[in-house]
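Visitor: I would like to go through this model from its domains to its chain contact. Please show it first.

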Amino acid sequence: MTERRGSGAIAICVALTGLLGSSWTAFAVPTLDATVGLAGRVVPGQPAPIRVTLADVPSGATLLRITQDVGNAWRGETAMSFEMRVSATPRGDVEAAIPIYDAVRPLRLELLAVDGRRLAEKDVELRPRRVEDAFQVAVGAFSVPLPNPAASVSLPDLPKTWSAYAAAESVWIGRTRGGLDAEQWDAMARWVLSGGSLVVFAGAGLFVLDAPRLRDLLPVRNPTLADRGDDAPAVTGDLRRGATVLASREGAPWLVGRRYGGGNVLLVTTDALTLDADELVEIRRHVPSARTLSLAGLASELLDLQPVDRPSRWVAALLTLLGAVALPAVVARLGGRRSAAPALCAAFAILALFSWIYTDSTRVGSDLYRLDAHVLVEGALGLSVSSCALTSASHQPVTASVGVDAIPYEPLPPSFESRARDVTYRDGAARMAFAPGERRVLVTQSEAPVRFRAWLAGDEELRLTNRGPRAIENALLLVDGEVFRLPPLDPGEGTVYLSSAASNSMRPLGPAEGAIDRLFALATESFALGQGAWLVAGEISESRGAEGGASAHARNVTLYVVEVGRD
Amino acid sequence: MTKAYAGIDRDGWRPYFSLVLFCGIALVLSIPGACVVRDLASASFLLGFPTFFYVHALFMGLLGLALGTASAERGERGGRMVVALGQRVLIGQLLCVPYFVFARSLFPGRGGTLALIALFTTLVALALAMLTRLIEQPRPLKPSPGFLAKYALFVAYYAVPLVGLPFLSPWGAVRILLAGVEPREALLVLALPIALLAVLSPLAAGAGGEERV
């Protein structure tokens, strides 16, 4: 009997403990923790990775707000805030790349409930993490430490967003105990495609790292480990087209490089743990610094050339003239009669109708003029470097929600009016205010789906796939500096037979206004399009609509830079 | 002799002509000269400035003064005078409809604001017509003693409130309406001309003078 009572009490205690345990999360205080920066470092003006770890998040929490207070009393003060939705799980990480402004004041993180209530908050100091210039990033172990200002990143801390590598001058992957996951490799590959520099040490460690994306990046095909008789086995393989042996050891390639999109991949065929200081110096000589394509200045220049929607002054003058003639004419003929007023009304109704027909949508002014410049770089993966320049043509302050493809960065002027430059980003839209005549520029870097596949078969046949919804009129094929003008690239698959009449002139690509060509010139410089095989296509589109309460006339200039495969 | 209560006649068309001409010129000046966005920054101070609406508010007021004076000269009185003045002010407003339709392209998405401005200026013109009818006495072919008084009041109404209470001035009110207002604020802006009209109309209708037909 006593035993039964005892076991019953234990069962009740266990059940109560279980109940309390399961409902504990409902009462627990949510917490958040964050790591900011690539290897804990941030470079002002560049995106930086942020990983926020959430714990005990109640089901009501939906929003993570990250706020940076920027500027000072002399320069002007503003707040840039980025909001991200948080899935209602008790525990989880939120990862993103956020632009870092002056890195003087702390980053403020807030976890918000549906009703806007603040559930948790944390300040992250940026000042100790601040560095002025891009730096080398080392992943894994090396026999010789990389010289300062190199920074070491552990494998799990490698970003999964390509723009988070913006502060890296080059990334060196040495001997690791594990591999990168697919998202990390994709982010790395996109960063190289955009102009980054990756150095991979092979040797025995290569196969720990091995992944399909790594094989796509490497300058050799079918890498195999060759024992050279010493303790340092080296990787060998078939050199890809365009790959160059930069240095050899004992007659075998030791340092092999290749272009990958706008960037470079270097393979050191031996293990990072066999490296000596002289070899490190030699490798460094061959590693170019990562290049960043910025369209901010160009977008602003192209915005200057965008036509203004307005009716003609001459038509307004004609309307005035007709009114000024019609009035005395009707009065002279019918003045004083009862029919004078209806006749006047009829005459001016005709003029009103004329006004209505004339002022169609193409002649209606806009509160905002917007120019979006995109360079879409495509290889095995796609990425987008964009800039959006906006100017207010309204004589009143205008607030707009500007659609952007990622968390934007706004280059700030040396001084500005306090609070006037606030940006709030949420769900693909940046909310911002414009004073009359004010201009603002946003810069974004994001992933993009691959639209084109191009393959050069032999010397005269280009196989193309356009996954887009429409044809692109302006396209060129660049093969080792030779330029072939292509017919319109229709949606679907197709084959283009190249004209034997190649030209050495890169231009013109687009229509006479030159917007596409200016983008092309910038991309040519940044991606060294004179080398290798590239498909370059450009298009311009116009749209008119509302940007969250303000009418806007947007012009979209897009340049596709597609790496062409070759037999 | 001018016929009383007539809508528009050969003697009374000039104020309408001024309205049509000057509003038209203001409309031309309101159109930005810029062909491309770069020019928006370097264009004249009139760029983007709603010149048309300010000039329209001014000339509707002047039309009200002229109509009130004409009504006094014709010896119009009573409720019929109020209706006739209302009709004449409406004719003036109708003559500006082509301009308003045109101005819609300069202020996209603000059709409601333009309608409010039209209503406001109509009320202002009518109130000023009533005021002038009260001040001016029917003394045809002689200079009216109320001439100075009516223009002094006109200037006071348009200019003086701009210093401290802009919404009391028609120009200030137009600026407020163009800035975009809540319905309650719009009612506040319209309240003054409505109040003036409510007070002045019965007084003007009962004002002295020999009625002529």
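Visitor: What distance separates the centres of domain 1 and domain 3 of chain A?
Guide: This is a predicted model. The domain assignment of chain A gives domain 1 as 31-126, domain 2 as 135-286, domain 3 as 313-358 and domain 4 as 362-567. Taken over C-alpha atoms, the centres of domain 1 and domain 3 of chain A are separated by 62 Å.

Visitor: Which strands are the edge strands of the seven-stranded open sheet in chain A?
Guide: The sheet in chain A has the order 9-8-10-11-16-15-14, with mixed pairing. An edge strand pairs on one side only, and this holds for strand 9 (151-153) and strand 14 (244-249) of chain A.

Visitor: In which sense do strand 8 and strand 10 of chain A pair, parallel or antiparallel?
Guide: Strands of a sheet pair through backbone hydrogen bonds, in one sense or the other. Phe135(A) stands opposite Ala168(A) in strand 10 of chain A. Strand 8 (residues 135-139) and strand 10 (residues 168-173) of chain A have five bridges between them, and the sense is parallel.

Visitor: What angle does helix 5 of chain A make with strand 15 of chain A?
Guide: Helix 5 (residues 277-286) of chain A packs on the sheet and touches strand 11, strand 14, strand 15 and strand 16 of chain A. The direction of helix 5 of chain A makes an angle with that of strand 15 of chain A of about 25°.

Visitor: Which residues does Val137(A) contact, leaving aside its neighbours within four places in sequence?
Guide: Val137(A) is one of the residues that touch the most other members of the largest nonpolar core, which has 146 residues. Others named with it include Ala48(A), Leu519(A) and Val561(A). With those sequence neighbours left aside, its contacts are Leu38(A), Ala39(A), Ala151(A), Val153(A), Ala168(A), Val171(A) and Trp172(A).

Visitor: How many residues lie between strand 28 and strand 29 of chain A in their hairpin?
Guide: Strand 28 of chain A pairs with strand 25 (residues 474-479) of chain A in the antiparallel sense over six bridges, where Val479(A) stands opposite Ala533(A). Strand 28 of chain A also pairs with strand 29 (residues 551-563) of chain A, in the antiparallel sense over 13 bridges, and Ala537(A) stands opposite Tyr560(A) there. In the turn of this hairpin Gly548(A) has a positive phi of about 60°. The number of residues between strand 28 and strand 29 of chain A is four.

Visitor: What percentage of the residues of chain B count as buried?
Guide: The secondary structure of chain B comes to 10 helices and zero strands. Among its contacts between residues at least 6 apart in sequence, 73% join residues at least 24 apart. Of the 213 residues of chain B, the share that counts as buried is 47%.

Visitor: Which helix gives the largest share of the side of chain A that touches chain B?
Guide: The contact takes 43 residues from chain A and 40 residues from chain B. On the side of chain A, the elements that give two or more residues are helix 6 (296-304), helix 7 (313-334) and helix 8 (340-358). By class, this side has 24 nonpolar, 15 polar and four charged residues. The largest share, 10 residues, comes from helix 7 of chain A.

Notes. Residues are numbered from 1 along each chain as its sequence is written. Chains are lettered from A and ligands numbered from 1 in the order in which they are written. This is a predicted model: local features need pLDDT of at least 70, side-chain atom pairs count only at pLDDT 80 or more; totals for chains, interfaces and linings use all residues. A nonpolar core is a set of buried Ala, Val, Leu, Ile, Met, Phe, Trp, Tyr and Cys residues joined through C-beta atoms within 7 Å. A residue is buried if 20 or more other C-beta atoms lie within 10 Å of its own, exposed if 12 or fewer, and partly exposed in between; C-beta atoms are placed from the backbone. Two residues are in contact if their C-beta atoms, placed from the backbone, lie within 7 Å. Two strands pair if DSSP finds at least two bridges between them. Axes are lines fitted to C-alpha atoms, for helices over the stretch in contact, and angles run from 0 to 180 degrees between N-to-C directions. Ala, Val, Leu, Ile, Met, Phe, Trp, Tyr, Cys and Pro count as nonpolar, Asp, Glu, Lys and Arg as charged, and the others, Gly among them, as polar. Domain bounds come from an automatic or database domain assignment.
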